[in-house]
Amino acid sequence: MVVLALLLLINLAFSTVFIARWEGPITPVAADYVERAIKKAKRENGTLFILVLNTPGGLMESMRSIIQSFEVAPFPVVVYVYPPGGRAASAGAIITLAADIAAMAPETNIGAAHPVFATPTDQNGEKREKGRDVMMEKVLQDTLAFVRAIAKEKGRNVEIAEKMVRESISLTADEALKLRVIDLIAHDINDLIEKLNGRKVTKLGKVFTIETTNKNIVTIKPSVREQFLKILTNPTVAYLLLMIGFYGIFFELYNPGAIIPGVVGAISLLLGLYGLSVISINWLGLLLIILGVLFFILELLTPSFGALAVGGTLSIILGSLMLIEEGSPYGDLSKKLILSVSLFSALFFLSVGYLGMEAQRKKKLTGAEGMIGEEGEVLTDFKEGKGKVFVHGEIWNAESKEELKKGDKIKVVGVKGLTLIVEKV
């Protein structure tokens, strides 16, 4: 008993409250970030997870992935809509409803969760319009059922939760608290942690009593990879990258050998396709690495004074960062290793390309062309501009416009078949 009591005290002493922050649309990047943060909290003996959220909404699939991460977390999950002036709209509203404890800061709002299509309504035909309406009704009913289940499970106001989806109503923090959509209002993160202390949460068949007094607090920031992907998934950025990719490749095809437009265009096209969710993150990483290797090979075949090698290095670095997921159970791949391998590859291919260019510039030492510039000696007096010479250890027939005598020193200035064109030195 004493040992168990000591273990319990040690566990409480070293337990940690983990805080993650997400501002922006709910995308696959947001889902990956939340999943990674919850896994980290689980590995490091976390007792409470807080997601500070400010979002206009986003993708339904990403929203469901985040909620699934909440449900399997072995500790209470809190969603806190912050800062003042922020919001949890659309998919963000449903994420907040799905938390074990939902909190908002003053001057924030929640709601407007009616599902919409990512593309504008089609106007080309009544039949297709009806089909779209049927599809929208299916999506709406599916979302309503999902929200009802969440609200009932978390003890929230089912009727208001439905209205957020069906009628797109939006509530202030005070209204949401009064209508039992959220559990509390906190002015900042410190106020939230203080108000959470002592609250009880039933989850996974257990009753958790939240203890936040003298707890270690750890903030999990988005990684460099996640911040970069967050920028790529911005619709404006993704569209611009896609257009830059098309124009870059077009100019390269129109003016072969320009190199830079082709390199920039190819990389931008792949990044734009990911930003528009056409390809997955794994395909993006793989294609960028393949593109980088292709650039290196082209640098050998068509020396570009380093442009292709630089493009290949950038492509491989980006591809490696995209391909290796943060928080892998097998350990993270060192960014120093990625940078070192990429730079080594660039230096290797640049060196090989440089040596190839030098070899092309170097004077040929074999064949007829290799004889030009060689010096020798006249073996016989030239008659009518013709005679024999000794050059490079061999006797050759030769022609010259000058009068040459036996023993004169000559230099080869040209080759005509098996006859050397010489002149007197």
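**Aromatic rings and ring-facing charges**

Lys230 is placed over the face of Trp22, with a distance of 4.6 Å to the ring centre. The model is predicted, and it contains four aromatic pairs. A pair of aromatic rings is characterised by the distance of the centres and the angle of the planes.

**The Trp22–Tyr33 pair**

- The ring centres of Trp22 and Tyr33 are 5.8 Å apart and the planes stand at 35 degrees, so this pair is classed as tilted.
- Trp22 belongs to strand 1 (residues 16-23) and Tyr33 to helix 2 (residues 28-43), so the pair ties together parts that are 11 residues apart in sequence.
- Trp22 counts as buried because its relative accessibility is 2%, a value under the 20% cut-off.
- Tyr33 is likewise buried, its relative accessible area being 0%.

**The Tyr80–Tyr82 pair**

- Tyr80 and Tyr82 form a stacked aromatic pair, with 5.2 Å from centre to centre and 25 degrees between the planes.
- Tyr80 has a relative accessible area of 1% and is therefore buried.
- Tyr82 is partly exposed, with a relative accessible area of 24%.

**Aromatic cluster**

- One aromatic cluster is made up of Phe250, Phe251 and Tyr254.

**Charges over ring faces**

- Arg64 lies over the face of Phe146, at 4.1 Å from the centre of the ring.
- The ring of Trp22, which has Lys230 over its face, is also the partner of Tyr33 in the tilted pair.

Terms used
Residues numbered from 1 in each chain as written. Predicted model: local features only at pLDDT ≥ 70, side-chain atom pairs only at ≥ 80, totals over all residues. Heavy atoms only, no water. Phe/Tyr/Trp six-rings, centres within 6.5 Å; stacked < 30°, edge-to-face > 60°. Helix = DSSP H or I, 4+ residues; strand = E, 2+ residues; numbered from the N terminus. Buried < 20%, exposed > 50% of the residue type's maximum accessible area, 1.4 Å probe, protein only. Lys NZ or Arg CZ within 6 Å of the ring centre and 35° of its normal.
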